[in-house]
Amino acid sequence: MDAIITVDESQRIVLYNRAAERIFGWPANDILDQPLTRLLPARFRDAHGAHLRRFGSTGTSSRRMSGSSVVYGLRANGEEFPVDASISQLDTPEGKLFTVILRDVTERVEAEREQARLAARLSGLVESAMDGIITVDEGQRIILYNRAAERIFGFPALQVMGRRIDMLIPK
């Protein structure tokens with residue numbers, strides 16, 4: 001399911017699986033022995049080269065599958081797309097080989113953007129409400145306290161967030 005691409009030390013592609021063909025849109029015959037930069041948007045090429053050199057000398061990478069940092073690939077049709085990437089290296093008698101496993105995360109990134117948009121919209125609605133809105137967690141600690149609640153109870157949100165709701169209820 002995941003694209004697997006291996007490059008040599010000069011960043012020329014030496015292995016390119018069928019999933020890579022499907023995801024990037026290039027047949028293996030057109031991409032093998034080509035520079036890896038063909039699969040990268042121009043704006044990321046310098047940073048990628050530096051990352052690969054650093055990884056080659058230190059063995060440390062910030063690219064992990066299901067991590068928070070998304071990188072971008074470039075399809076044969078010129079479309080950029082987000083990918084999760086995990087990189088490894090292997091020392092061989094001919095030199096180092098770098099293998100990256102890539103997963104197209106376009107749907108996940110779009111869903112996260114939509115979720116952030118909806119959360120911002122909900123936040124705007126809650127904050128502009130004329131009624132006090134307070135939400136508590138299962139421990140009865142306040143996790144949401146809007147501006148109207150500040151006016152009604154006289155406590156600023158920073159003073160009540162994380163505290164138990166009973167602080168607002170008369171004994």
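**Reading a predicted model, feature by feature**

The protein chain has a mean pLDDT of 88, and 91% of its residues reach 70 or more; pLDDT is the predictor's confidence in each residue, from 0 to 100. This is a predicted model, in which local features need pLDDT of at least 70 and side-chain atom pairs count only at pLDDT 80 or more, while totals for chains, interfaces and linings use all residues. Residues are numbered from 1 along each chain as its sequence is written, and side-chain values use heavy atoms, with hydrogens and water left out.

Q: Where in the protein chain is confidence lowest, and where is it highest?

A: Where pLDDT is low, the predicted coordinates should not be read in detail. Here confidence is lowest in helix 3, with a mean of 72, and highest in helix 1, at 97. Helices (H or I, at least four residues) and strands (E, at least two) are DSSP runs, numbered from the N terminus. Over residues 62-66 pLDDT stays under 50, and the model has 20 contacts for them beyond four places in sequence. Contact means heavy atoms within 4.5 Å.

Q: What span should helix 4 have?

A: The expected span of a helix is 1.5 Å times one less than its number of residues. Helix 4 (residues 106-128) has 23 residues and should span 33 Å; its end C-alpha atoms are 33 Å apart, which agrees.

Q: Which residues of helix 4 are buried, and what do they pack against?

A: Buried means under 20% relative accessible area, exposed over 50%, and partly exposed in between (1.4 Å probe, protein chains only). In helix 4 the buried residues are Thr106, Val109 and Val126. Their packing partners are strand 4 (80-92), strand 5 (95-104) and strand 7 (142-145).

Q: How many aromatic pairs does the structure hold?

A: A pair of aromatic rings is described by the distance of the centres and the angle of the planes. Rings of Phe, Tyr and Trp (its six-membered ring) pair if their centres lie within 6.5 Å; planes under 30 degrees apart count as stacked, over 60 as edge-to-face and the rest as tilted. The structure holds two such pairs. In one, the ring centres of Phe24 and Phe81 are 5.3 Å apart and the planes are at 70°, so the pair is edge-to-face. Phe24 lies in helix 1 (residues 18-24) and Phe81 in strand 4, so this pair ties together parts that are 57 residues apart in sequence. Both Phe24 and Phe81 are buried. In the other, Phe44 and Tyr72 have ring centres 5.7 Å apart and planes at 5°, so the pair is stacked. Phe44 is partly exposed, at a relative accessible area of 26%, and so is Tyr72, at 23%.

Q: Which residues lie over the faces of Tyr72 and Phe81?

A: A charge sits over a ring if NZ of Lys or CZ of Arg is within 6 Å of the ring centre and within 35 degrees of the ring normal. Arg43 lies over the face of Tyr72, 5.7 Å from the ring centre, and Arg75 lies over the face of Phe81, 3.9 Å from the ring centre.

Q: What joins the side chains of Glu80 and Arg43?

A: A polar contact is a pair of N or O atoms within 3.5 Å; within protein, one must be able to donate a hydrogen and the other to accept it, and residues adjacent in sequence count only if both atoms are side-chain atoms. Here a polar contact of 2.5 Å joins the two side chains. Glu80 is in strand 4 and is partly exposed, at 35% relative accessibility.
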